[in-house]
Amino acid sequence: MSVSPQDVEKVALLARLAISESDLPEVTERFGRVLGLVDELNTIDTETVVPMSNPHDMHQRLRPDAVTRQNDRENLMASAPAQDQGYFLVPKVID
Amino acid sequence: MTDSALLSGSVSSLRQQLRDRVVSSEEVTRACLERIEACNGALNAVITVCAEQAIDSARKADKAIARGNVASLTGIPVLHKDIFCTSGVRTTCGSRMLEQFVPAYDATVVSKMQAEGAVMLGKCNMDEFAMGSSNETSFFGVVKNPWDLNCVPGGSSGGSAAALAAGMAPLVTGTDTGGSIRQPASLCGVTGLKPTYGRVSRLGIIAFASSLDQAGPMARTAEDCAIALTAMSGIDAGDSTSADLPVPDFHAGLNHDVQGLRIGLPREYFNDDLEQNVRERVMAALSVLEQAGATLVDIELPHSHYAIATYYVIAPAEASANLARYDGVRFGYRCKEPVDLEDLYLRSRSEGFGEEVQRRILVGTYALSAGFYDAYFNKAQQVRRVITEDFTRAFDNVDMIAGPSAPGVAFQFGAKQQDPVAMYMEDVYTLAVNLAGLPGLSTPAGLINGMPVGLQLIGKPFDEQTILNAAHRLQTDTDWHMARPQLETVTP
């Protein structure tokens with residue numbers, strides 16, 4: 001399947017990645033090459049095959065809903081790029 | 001004891017010397033730190049060195065040894081790939097995105113090895129977010145192969161493999177999502193083990209593709225990998241995909257006996273695409289096992305060809321979901337002066353991630369997007385099962401499978417950088433093992449024009465013991481694993 005620069009721009013927006021005008025042709029070309037590689041999958045018949053999401057077909061193991069560790073907000077927030085009084089700071093969202 | 005003896009010894013011999021008090025952990029640790037200082041300028045294998053912390057841990061280990069209180073890795077220096085979270089120690093994942101990230105907790109692998117007495121020296125360079133096969137995608141610069149400074153060390157655990165080969169540590173950790181332990185082990189002439197999916201907890205390993213990621217050891221011998229694997233393994237309440245199975249003592253279980261062992265050689269790995277000189281090295285290694293009593297059996301893995309396409313849908317799809325968390329808000333890189341929230345997301349991610357990471361996020365987002373999910377992601381998961389069933393059928397008739405670890409020896413910088421697909425072919429022999437969740441090991445099989453080649457051994461699920469035994473036998477009968485690069489050190 002071939003992709004257009006517009007397709008790439010649309011996917012980039014979904015992924016929240018900004019691609020500059022000047023980079024777009026090269027990104028599209030290399031993206032297309034990867035898609036060309038994966039298009040090979042269409043040559044194999046998998047009509048009756050159940051998709052595999054875990055190599056051992058394991059099912060999610062649940063644990064008891066119990067507190068195991070204390071909240072450690074200060075430590076966990078120490079890597080936040082902008083914070084104030086225990087809150088993450090973001091640009092103004094509502095005027 | 002000379003420094004060079006300290007720096008080339010195996011974990012098992014070093015462990016004995018520590019227990020016999022012939023050498024102290026502090027001496028060994030200082031020798032490793034000096035080696036890092038001498039060689040890292042040339043190799044760029046280590047991003048962060050924790051000298052003070054390491055000396056402190058080594059002294060504690062020496063006190064424990066003096067009390068007779070020894071665990072499996074007491075006093076042994078280790079370097080961790082910079083993908084493992086280390087409490088209070090910067091963990092970059094090779095990315096600008098995490099350049100300043102200091103985790104609040106240890107990965108389970110790190111805490112388990114620490115509990116066994118290991119001394120952490122620092123953190124190794126790697127391809128950004130483990131996406132790459134040459135270590136050229138790291139934000140912290142390329143890692144050089146100690147066998148030839150013009151060549152790549154492989155990736156993504158290239159810093160770990162190069163550091164080990166250069167004598168900076170006797171034991172290093174890596175992760176392997178599509179070959180990231182086995183391919184650099186092959187290119188740097190060391191032994192590397194990717195355990196069965198689920199054997200080792202993924203808690204605290206910065207996620208790339210969660211259904212494929214698995215951590216494992218790299219060392220100078222299969223015996224050392226056996227020691228380290230037991231230390232790293234086990235069920236973890238923090239990783240619901242970690243296997244609820246007993247962890248064998250892989251070291252105690254080691255034996256030399258390969259009599260009657262049936263080794264499958266997939267026709268698809270030994271076809272005309274395989275370079276003649278790689279084939280010769282791989283066959284030379286296999287004939288050693290044959291002479292020791294193993295039987296070589298031709299087998300078929302008919303869907304091998306689809307592994308690359310399958311992997312390059314599943315891995316990017318899972319990566320695009322895992323990497324959605326980097327938003328410039330909670331942790332990681334944040335762009336300067338965002339005008340609004342959308343701008344904050346867009347620029348933080350575009351400036352924080354490198355080219356290969358962005359490409360994989362794009363491919364993964366595409367494969368998961370409305371209208372393409374069935375054609376790509378669902379389809380790839382179906383083919384994943386077909387590939388896995390090939391292995392299951394093959395294992396009805398053989399005890400393990402063997403082939404090359406990589407298509408060739410280490411290549412020069414830039415050789416495959418312009419074409420992502422050419423780079424992806426580096427993992428043509430390793431990817432299917434991750435898709436099927438199997439254990440795989442790379443062990444040195446000699447040199448081609450002075451550069452190392454690896455033999456890959458693939459085991460049944462949770463049967464790491466059989467491939468460790470075969471590698472151990474090979475390393476008993478040959479000295480390929482003893483070959484060391486002649487690295488001229490750059491003294492500070």
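Mentor: Fine. Ser156(B) sits in the loop between strand S3 (119-124) and H6 of chain B. Bear in mind that this is a predicted model.

Trainee: What is the peptide bond from Gly155(B) to Ser156(B), cis or trans?

Mentor: The bond is cis, and its omega is near 10°.

Trainee: And H6, which residue should I look at there?

Mentor: Take Leu164(B), which belongs to helix H6 (residues 158-165) of chain B.

Trainee: Is Leu164(B) buried or exposed?

Mentor: Leu164(B) has 31 other C-beta atoms within 10 Å, so it is buried; 20 or more is the cut-off for that.

Trainee: What is Leu164(B) in contact with, leaving aside neighbours within four places in sequence?

Mentor: Its contacts are Ala169(B), Val172(B), Val190(B), Met218(B) and Ala219(B). There is also Ser8(B), 156 residues apart from Leu164(B) along the chain, with 9.3 Å between the two C-alpha atoms.

Trainee: What about Glu337(B), buried or exposed?

Mentor: Exposed, because Glu337(B) has 8 C-beta neighbours inside 10 Å. Its phi is also positive, near 40°, and its place is the loop between H10 and H11 of chain B.

Trainee: Then H2(B) itself. Which of its residues are buried?

Mentor: In helix H2 (residues 11-19) of chain B they are Val11(B), Leu14(B), Arg15(B) and Leu18(B). Viewed down the axis of H2(B), these buried residues fall within an arc of 105°, so they line one face of the helix.

Trainee: New topic. At what angle do H10 and H13 of chain B pack?

Mentor: Helix H10 (residues 307-322) and helix H13 (residues 373-394) of chain B pack at about 130°, and their axes are 9 Å apart. That angle makes H10(B) oblique to H13(B). The crossing is left-handed.

Trainee: Which residues of H10(B) meet H13(B)?

Mentor: From H10(B), Ala307(B), Thr310(B), Val313(B), Ile314(B) and Ala317(B). On the H13(B) side they meet residues including Tyr376(B), Phe377(B), Ala380(B) and Ile387(B). By class, this contact has nine nonpolar, two polar and one charged residues.

Trainee: Last thing, the other chain. How many residues of chain B are in contact with chain A?

Mentor: 55 residues of chain B, against 42 residues of chain A. The elements giving two or more residues to that side of chain B are H10, helix H11 (341-352), helix H12 (355-368), H13 and helix H14 (420-424).

Trainee: Which of them gives the most?

Mentor: H13(B), with 11 residues. By class, the side of chain B that touches chain A has 30 nonpolar, 16 polar and nine charged residues.

Conventions: Residues numbered from 1 in each chain as written. Chains lettered and ligands numbered in written order. Predicted model: local features only at pLDDT ≥ 70, side-chain atom pairs only at ≥ 80, totals over all residues. Axes fitted to C-alpha atoms, helices over the stretch in contact; angles between N-to-C directions. Helix = DSSP H or I, 4+ residues; strand = E, 2+ residues; numbered from the N terminus. Parallel < 35°, antiparallel > 145°, perpendicular 65-115°, else oblique. Left-handed = near helix turned anticlockwise from the far one by under 90°. Contact = placed C-beta atoms within 7 Å. Nonpolar A, V, L, I, M, F, W, Y, C, P; charged D, E, K, R; others polar. Buried ≥ 20, exposed ≤ 12 C-beta atoms within 10 Å, placed from the backbone. Arc of directions from axis to C-beta.
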